[in-house]
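Work through these exercises with the sequence and the structure side by side. Try each task before you read its solution.

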Amino acid sequence: MTTQLFGAPVRRREDPRLLTGGGRYLDDLGAGALAAAFVRSPHAHARILDIDVTGALDVDGLVAVYTYEDLPGRVAEPLPLLIPHPALTHGRTQYALARDEVNHVGEPVVMVVARDRYLAEDACERIRVEYEPLPVVVGIEAARRADDLVHPDVPGNVAAHLVQEVGDVEAALEGAPHTLTLDLSVERSASMPLEGKGVLARWDAEQGELRLFSSTQTSTGVRAAVAAKLDLPLAKVECIAPDVGGGFGVKINHPWPEEVLVPWAARLLDREVKWVEDRREHFISSAHERGQLHRVRVGFDDDGRLLALDVRFWHDNGAYTPYGIIVPIITSTQLLGPYKPAAYRCEFWSLYTNTVLVTPYRGAGRPQGCFAMERTMDAIADRLGVDRAEVRSRNFILPSEMPYDQGLLFQDGRPLKYDSGDFPATLARLKAMVAWDDFGDYRRQAEAEGRRVGMGIGCYVEGTGVGPYEGGHIQVETSGRVNVSTGLTSQGQGHQTVFAQVVAHELGVPLEDVFVTTGDTRRMPYAVGTFASRAAVMSGNALALAARALRAKALRIAAEALEVATEDLEIVEGVVRVKGAPGTSMSLGTVSVMSNPLRYAFDEAAKAATQFAGANDPDRAPVADDDEPGLEGRDFYSPTQATFANGMHAAVVETDPVTAEIRILRYCVVHDCGTMINPMIVEGQVHGGVAQGVGGALYERMVYDESGQLLNASFMDFLMPYASEVPYIETDHLETPSPLNPLGIKGAGEAGCIPVSAVIASAIEDAEGFPITSMPISPVELWELRRRHEAGDLPSLARSTTSAGSAAYPSTLEAP
């Protein structure tokens, strides 16, 4: 083996290029391409009566104007429903251009193509669309009432209704010594990557081939979808994801209308066409997430052990459901976290509203579920007067119980079966890190100074590495250069570094000799995509398997050349050598030469592979029947189920007694993603996730008025945390390897954001002494809660580990 690389904190190889302006993002491509722009609906719900484009025809540089009536064949059909589900009885998707009706502000109605974007926007402004406004449904409460319908053929605005149950929950609740009911909510938010969506299409009329560039999280998915929509052979379509400036889930949905319309127009016009989303477009026409209302009924014994957990929730899926009901399914299953209730029932309704559609956003339903579960655990602790950490500990699944089957179906349609984890050890580390048991002394000191502080905690389990598969291809050139390809895309996760570490470690080559390509269907046509914290698990293991196959071939070829047994060989720093006799060796580049018999010599190294270079066995074919030319390895990894990472967070917050401003004083994380390939990158992922979680807890929300207008559709009004609002994040790692894959790894991309709202709510509640049931929370909202508490409208709660307990959380939601 070479220098230990697997598990080493190697600095990211991508960063020098990206930080010095060497990145190539979608808008850096296609100089001279025609530009597309869109007329989008100003109404949340309206019937289209007439479209008058005559005013745009006088714009110099206008090339084309398209409405729904111009769309042919499959382009005119609704966009695909990507993930069907039996419970999704009323799935609806939009048209690439609105046909008769618009269902949210920002829905595309007209496409304009012009010489540049400025001219295209000028033409859009001159197009007149006549609408007949229709009743608007905004928010979960309005959708539940169903006084008006988003889609007239969808009764009650219910897209999907699903129940999963393990045990007899009603009987267990009836027999429980203690019960509580909690009503909880998490508001709508969005991911806001630095780079919005974008598409560039080039049509080769002579070859009948389409090359597509998209700022996407799934180049193979976009390729397949566009080929189907345009009735092109898959082999005639290529899709490449260039550098992508963030995704966080919004770019896993595909195809977006623009990903169909831009290549369609490029083929029709026989010109390059490009569209790049501006920030307002991203606010009003890309995906949102998070909005859910939960009602939790819990039964527990005198020790706080969960006897019954009954959860009903309502999920706002926006106007359409192209990504199915993955988000609420994840909420309903991952809500359980590290706990083992004796009986569990979860029922959800996924509802249409006249707002932007919902697809996964980092965490993908888990933050809502974690918030519900962790608020419930705090409520149990308060009712019994028991330490909050102790209540959690009493309900943990133990290491001796792994693998642990929760009896539910996960988002991949497979059992929710935890593969490994040591939750008691994680909690012990977290308590030591944050000085949990000593917080009472700190609180008393703060109160003596006139300060108000609280500590919160949150635990989670995250299903990662869902299938169905990913692949890896590795080729060693005669120079010794190692080319690595995998089909999933990169949006800043450090794939160029992590995948190179895996391959360098498995092959025994220097890291600097390994070059990684992702998201290019020309190099790896079979792939699924980057989402659900799956890249390292899926492509990492696929590349490890491919590297092992390549290594075996290299050792076989070298063994024949050196006349030794393969087991006597090792590969160190890219050199195949005899163990104990390193002078007897050859480079991997030389092995590559020998793996490919040649007729022609193109350089000095190639001479060794030609027909007159040495002795030949006349009875042996140059390439054996069971072999292939070249020193390459190719393999796929397809797991039987997801692997489950986990972690626990704790925070100390201070709430200003006068202004109600909330400040995070400490934030601690203990995380377990199995065996770590690169601890530095894992830590970066955790830090980035916590930063987004802080935004979701204290700042970020999408605010719609009753007419469906998004009131904060700009960075002037949509609040995000600056570096000054993100605390210093203290991290520790537990490594419980997964038994499900060769590398023993689990995903890490989403873990940081999952419990943050629950943790911050727990800490604020501890500081203030009254329930926190909705997130995000602003100083204005906290001030109003204080006023209600002082007026007696909110109950008082115990603080930290004091023994007093309160009886009630407010309960306001009614089932439909």
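**Exercise 1.** Which strands does helix 14 (residues 535–562) lie across, and at about what angle does it run to strand 22?

Solution. The model is predicted.
- Step 1: find the sheet. It is open, has 3 strands in the order 22-23-24, and pairs in the antiparallel sense.
- Step 2: Strand 22 (569–572) and strand 24 (581–587) are the edge strands, each pairing on one side only.
- Step 3: place the helix. Helix 14 lies across strand 22, strand 23 and strand 24. The angle to strand 22 is about 120°.

**Exercise 2.** State over how many bridges strand 22 and strand 23 pair, and find the bridge partner of isoleucine 571.

Solution. 
- Step 1: Strands of a sheet pair through backbone hydrogen bonds, either parallel or antiparallel.
- Step 2: count. Strand 22 and strand 23 (residues 575–578) pair over 4 bridges, in the antiparallel sense.
- Step 3: pick out the partner. Isoleucine 571 is bridged to valine 576 in strand 23.

**Exercise 3.** Show how the buried residues of helix 2 (residues 117–126) are arranged around its axis.

Solution. 
- Step 1: list them. Leu119, Ala120, Ala123 and Cys124 are buried.
- Step 2: look down the axis. These buried residues of helix 2 fall within an arc of 145°, so they line one face of the helix.
- Step 3: recall the geometry. An α-helix has 3.6 residues a turn, so residues three or four places apart point the same way.
- Step 4: check the other side of helix 2. Tyr118 and Glu125 are exposed there.
- Step 5: identify the cover. It includes strand 1 (34–40), strand 3 (62–66) and strand 5 (108–114).
- Step 6: inspect the N-terminal end. Aspartate 116 caps helix 2, with a side-chain oxygen 3.1 Å from the backbone nitrogen of tyrosine 118.

**Exercise 4.** Decide how far helix 13 (residues 495–507) is enclosed, and check its span.

Solution. 
- Step 1: count the buried residues, meaning those under 20% relative accessible area.
- Step 2: At 1.5 Å a residue, helix 13 should span 18 Å; its end C-alpha atoms are 18 Å apart, which agrees.
- Step 3: Glycine 508 takes a positive phi of about 80°.

Key. Residues are numbered from 1 along each chain as its sequence is written. This is a predicted model: local features need pLDDT of at least 70, side-chain atom pairs count only at pLDDT 80 or more; totals for chains, interfaces and linings use all residues. Side-chain values use heavy atoms; hydrogens and water are left out. Two strands pair if DSSP finds at least two bridges between them. Helices (H or I, at least four residues) and strands (E, at least two) are DSSP runs, numbered from the N terminus. Contact means heavy atoms within 4.5 Å. Axes are lines fitted to C-alpha atoms, for helices over the stretch in contact, and angles run from 0 to 180 degrees between N-to-C directions. Buried means under 20% relative accessible area, exposed over 50%, partly exposed in between (1.4 Å probe, protein chains only). The arc is that of the directions from the helix axis to the C-beta atoms. A polar contact is a pair of N or O atoms within 3.5 Å; within protein, one must be able to donate a hydrogen and the other to accept it, and residues adjacent in sequence count only if both atoms are side-chain atoms. The expected span of a helix is 1.5 Å times one less than its number of residues.
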